[in-house]
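Hello,

Please find the sequence and the model below. My notes follow after them.

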Amino acid sequence: MRRFYQLAVMVVAAMCVGLFIYAGGAVVMVVFASALVAVVLHGAARLICRVLPIRQWVAVVLFLAALVGGVSGVVHVSGPELVTQLSHLYAALTHERDALHATLDQNPVGHSVLNHIPRFFGGNQTSGPLGSEGAGGGMDFAGSMTNVLTSTFGSAGTLVVIVIAGVYFALSPHLYANGLLRLVPTRYRPTARALIRTTAHVLSAWVAGQLLDMTVVGVLTWVGLSLLGMPLAFPLGLVAGTANFIPYLGTFIGAVPALLIALSISPREALMVAGLYAFIQAFEGYVMSPFIQKRAVSMPPALTILSQTIFGAFLGMWGFAFASPITAVLLAMVDHLTTPLPEDEQV
């Protein structure tokens with residue numbers, strides 16, 4: 001009876017957590033995004049503290065000042081040109097999307113395909129793939145990217161909340177961690193403390209590895225497209241590097257704009273661009289990823305893609321983007337709470 005009671009409590013607790021995430025998923029994702037910002041700031045502050053004998057909060061302030069100064073300098077020097085290129089990229093992508101839509105809409109098969117593609121991506125679908133309600137609590141796929149907390153703050157306000165909360169988390173991480181521990185019963189606090197430290201370590205490793213991966217992919221894309229003579233090489237490289245925040249699927253998302261623009265030039269140019277992205281993907285998958293995973297977080301590719309599908313279905317674009325770090329944290333927790341499988345019991 002005692003084991004049955006414990007199992008029932010675990011099942012009820014899991015259901016409550018699932019309902020909470022499903023009902024308030026946007027808020028949970030905002031908190032998680034703030035934690036990622038805090039991890040970046042905290043990691044940078046630790047590096048500064050190794051060089052300068054200063055307190056951590058001072059290092060966070062110094063890093064923020066340097067970051068704001070650097071971004072301001074880049075915007076002042078190349079901001080107008082970057083804005084111009086991004087506007088040209090948006091206009092080119094819109095033109096190619098409309099041209100492709102017009103071509104497919106004239107064909108019965110193409111028209112049927114467009115009926116299953118959201119209007120945001122050039123299709124005819126006005127609701128989510130699961131109907132008017134969708135899987136995200138009434139939000140369709142396109143609306144889920146802009147409808148996160150928009151009724152209260154708006155997209156820009158949400159970003160400000162994430163950054164400000166992340167800064168405060170980074171300034172006093174122990175304050176918030178100890179506050180969480182106070183909510184845990186005394187006999188479970190050692191386990192909870194170990195889980196908090198494990199989560200912090202995993203997120204730090206994942207963020208560091210992903211930032212390195214994004215930088216390498218963005219630079220390689222920019223240089224490769226420039227050598228091919230593609231227009232808008234820098235913003236396309238910026239898009240590719242940013243999209244690579246989402247492992248595996250982000251590579252294909254980042255390649256779509258370049259392929260559309262290359263198709264508007266010539267089929268030969270499109271094949272060359274496709275070959276470039278295939279080379280970058282192979283380099284990232286067989287060289288960069290093993291190097292990063294050896295020093296950061298290793299996750300099975302199938303599990304990564306499945307987690308993106310599951311979290312994306314429940315939480316929209318927020319879940320799709322943050323599926324990998326969430327899965328990494330969950331795997332680390334399971335690994336900490338369970339004992340290794342003996343060799344004689346392995347499959």
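This is a predicted model: local features need pLDDT of at least 70, side-chain atom pairs count only at pLDDT 80 or more; totals for chains, interfaces and linings use all residues.

**Notes on the model**

Val-28 is partly exposed, at a relative accessible area of 22%; partly exposed lies between buried, under 20%, and exposed, over 50%, using a 1.4 Å probe and protein chains only. Val-28 belongs to helix α2 (residues 25–51).

Residues are numbered from 1 along each chain as its sequence is written, and side-chain values use heavy atoms, with hydrogens and water left out.

**Overall**

The chain has eleven helices and zero strands. Helices here are DSSP runs of H or I with at least four residues, strands are runs of E with at least two, and both are numbered from the N terminus. Of the 347 residues, 31% count as buried. Taking contacts (heavy atoms within 4.5 Å) between residues at least 6 apart in sequence, 61% join residues at least 24 apart.

**Annotated spans**

An unreviewed UniProt entry places "transmembrane region" at residues 7–24, 56–77, 148–171, 215–238, 245–265, 271–289 and 310–334. UniProt positions are given in the numbering used here, feature names are shortened, and annotations may be inferred rather than shown by experiment. In the model, residues 215–238 are 79% helix and 0% strand, with the end C-alpha atoms 9 Å apart. For residues 245–265 the figures are 81% helix and 0% strand, and the end C-alpha atoms are 28 Å apart.

**Helix packing**

Axes are lines fitted to C-alpha atoms, for helices over the stretch in contact, and angles run from 0 to 180 degrees between N-to-C directions. Angles under 35 degrees count as roughly parallel, over 145 as roughly antiparallel, 65 to 115 as roughly perpendicular and the rest as oblique. A crossing is right-handed if the near helix is turned clockwise from the far one by less than a right angle, and left-handed if anticlockwise. For residue classes, Ala, Val, Leu, Ile, Met, Phe, Trp, Tyr, Cys and Pro count as nonpolar, Asp, Glu, Lys and Arg as charged, and the others, Gly among them, as polar.

*α8 and α9.* The axes of α8 (residues 233–243) and α9 (residues 249–265) come within 7 Å and cross at roughly 160 degrees. That makes the pair roughly antiparallel. From α8, Leu-236, Val-239, Ala-240 and Ala-243 meet Gly-250, Gly-254, Pro-257, Ala-258 and Ile-261 of α9. This contact has seven nonpolar, two polar and no charged residues.

*α7 and α8.* These axes also come within 7 Å, and cross at roughly 150 degrees, so α7 and α8 are roughly antiparallel. The crossing of α7 and α8 is right-handed. Residues of α7 in the contact include Met-214, Thr-221 and Trp-222, and those of α8 include Phe-234, Leu-236 and Ala-240. The contact of α7 with α8 divides into eight nonpolar, six polar and no charged residues.

*α7 and α11.* Helix α7 (residues 189–227) packs against helix α11 (residues 301–337) at about 140 degrees, with the axes 9 Å apart; the two are therefore oblique to each other. α7 passes α11 in a right-handed crossing. Among the residues in contact are Thr-191, Leu-195 and Trp-206 of α7 and Pro-325, Met-333 and His-336 of α11. By class, the contact of α7 with α11 has eleven nonpolar, five polar and no charged residues.

Regards
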